[in-house]
Amino acid sequence: SIPTCQPTWLSELADSHVLAVTDVAWMGGNVEVTKPNGALDLKKTNECNFFASTAADGKLFFWDIRVKRDPKKNKFLWYPLYKINVGRGESS
């Protein structure tokens, strides 16, 4: 049987893929995604805090697993740090 995994964190619908996720890739311990330009910086660290996801909606998202808490709303915020629209690969 296939084991099921329950989510730990969920992003808001507006900050999520709208079609099925097709791939997830961990960025490794030496990569840091920075805002606002989405640059990939190489840093010496043993932590692996970033991953990228692609989906059938044609979007590539970069995520930071370090979830932040909004002190004013007392809720956790999790959203992609950077989004790239790469297209859906459909030909006309």
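**Exercise 1.** What percentage of the 92 residues in the protein do buried residues make up?

*Solution.* The model is predicted: local features need pLDDT of at least 70, side-chain atom pairs count only at pLDDT 80 or more, and totals for chains, interfaces and linings use all residues. Residues are numbered from 1 along each chain as its sequence is written, and side-chain values use heavy atoms, without hydrogens and water. Buried means under 20% relative accessible area, exposed over 50%, and partly exposed in between (1.4 Å probe, protein chains only). Buried residues make up 25% of the 92 residues.

**Exercise 2.** Describe the pair of Phe 62 and Tyr 82.

*Solution.* Step 1: the whole structure holds 6 aromatic pairs. Rings of Phe, Tyr and Trp (its six-membered ring) pair if their centres lie within 6.5 Å; planes under 30 degrees apart are stacked, over 60 edge-to-face, the rest tilted. Step 2: Phe 62 and Tyr 82 are 6.5 Å apart centre to centre, with 40° between the planes, so the pair is tilted. Step 3: Phe 62 belongs to strand β5 (residues 59-64) and Tyr 82 to strand β8 (residues 82-85), 20 residues apart. Strands are DSSP runs (E, at least two residues), numbered from the N terminus. Step 4: Phe 62 is buried at 8% relative accessible area, whereas Tyr 82 is partly exposed at 25%.

**Exercise 3.** Which residues make up the largest nonpolar core?

*Solution.* A nonpolar core is a set of buried Ala, Val, Leu, Ile, Met, Phe, Trp, Tyr and Cys residues joined through side-chain atoms within 4.5 Å. The largest has 8 residues: Met 27, Val 31, Val 33, Phe 50, Ala 52, Leu 60, Phe 62 and Leu 81. Two or more residues come from each of β2 (31-33), β4 (50-55) and β5.

Technical notes: Helices (H or I, at least four residues) and strands (E, at least two) are DSSP runs, numbered from the N terminus.
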